Amino acid sequence: ADGAVAEMLEETGEAEFRGSGIVMCSWDGDSAATERRILGVARTRFAHQGFSATTNRQIAHDAGITAAALYHYVPSKAALYAAVYNDTLDQVYTEFERAAAGPTRLIDQYLAVLTCAHDLQRSDPAISGFIVAVARETRRHPDLLELVQPQRGRHARFFRELVDAAVARGELAGDVDPAALADLLGALLIGLARMSAGADDLSRYADALDVLRRFLNGSLLQTS
């Protein structure tokens, strides 16, 4: 049976979806370590090659397991993509929440989040490459859209809650639209990620973040 699974993986890169396919299956410490390795190498493959060009055999090879063994952890390539997406967003926004918890003003919280995003990209460039490609991949493969739903609202919720907290503290002018501000903050973050991922040059993110800091603190423009 394992040989038949491996044959199917080689030919199609995917198997019939069984169950939710989103939760990775692991039972002990060694399996948990293998699961983390699978998620990491899959994210790199998906970020660099895209969903269609990536095969489960490649992922299994990168993870140091057989193609058949991969199916002990996840039932299909689509399910693995969803698992990577959910895991990546959970990692990223957990770190964002931690970064925003320190400062007490919205501007400082936002700059801390942008700095955190830069640090995450520096530690693993595949993070931003994978995330910015998700919209494109779900348009090309509509079946993926349903599988990634559990985390899809987290980006908007994070910035909405950040802005709502600032409103509760009385930081914003009365005529500011909180929803528009949350949209702006989220769009700027995604834009910086797309720029650095597309250019494959993280220094551009760092330079743009420095300019934004100066813009916000009033030191960017000369005073007359």
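This is a predicted model: local features need pLDDT of at least 70, side-chain atom pairs count only at pLDDT 80 or more; totals for chains, interfaces and linings use all residues.
Residues are numbered from 1 along each chain as its sequence is written, and side-chain values use heavy atoms, with hydrogens and water left out.

Back to E97, then, and its partner. E97 forms a salt bridge with R154, with 3.3 Å between the closest N and O atoms; the term stands for a side-chain nitrogen of Lys or Arg within 4 Å of a carboxyl oxygen of Asp or Glu. The pair links distant parts of the chain, since E97 sits in helix α5 and R154 in helix α10 (residues 154-168), 57 residues apart. R154, for its part, is buried, at 13% relative accessibility. Through salt bridges that share partners, D90, E97 and R154 are joined into one network.

How many salt bridges does a search of the whole structure find? The search gives 9, and I will take two further examples.

In one of them, D87 pairs with R36, the closest N and O atoms being 2.7 Å apart. As for accessibility, D87 is buried, with a relative accessible area of 19%, whereas R36 is partly exposed at 45%.

In the other, the side chains of R45 and D62 meet at 2.6 Å, N to O. Here too the pair links distant parts of the chain, with R45 in helix α2 and D62 in helix α3 (residues 56-63), 17 residues apart. D62 is partly exposed, its relative accessible area being 30%.

Now the chain as a whole. It contains 12 helices and 0 strands, where helices (H or I, at least four residues) and strands (E, at least two) are DSSP runs numbered from the N terminus. Of its 224 residues, 42% count as buried. If we take contacts, meaning heavy atoms within 4.5 Å, between residues at least 6 apart in sequence, 74% of them join residues at least 24 apart.

Which residues touch the most other members of the largest nonpolar core? Of the 56 residues in that core, they are F46, L80, F96 and L189, the core being a set of buried Ala, Val, Leu, Ile, Met, Phe, Trp, Tyr and Cys residues joined through side-chain atoms within 4.5 Å. Helix α5 gives the most to this core, with 13 residues.

Finally, the surface. The accessible surface of the chain comes to about 11700 Å², of which 54% belongs to carbon and sulfur atoms; such areas come from the Shrake-Rupley method with a 1.4 Å probe, and for residues only the protein chains shown count as cover. I107, V211, F215, L216, L220 and L221 form a nonpolar patch there, with about 520 Å² of accessible area together. Patches are made of residues with over 30% relative accessible area and no salt bridge, like charges being joined within 9 Å and nonpolar side chains (Val, Leu, Ile, Met, Phe, Trp, Tyr) within 5 Å. Helix α12 (residues 202-217) supplies the largest share of the patch, 3 residues. V211 is found in helix α12, and is partly exposed, with a relative accessible area of 40%.

Methods:
Buried means under 20% relative accessible area, exposed over 50%, partly exposed in between (1.4 Å probe, protein chains only).
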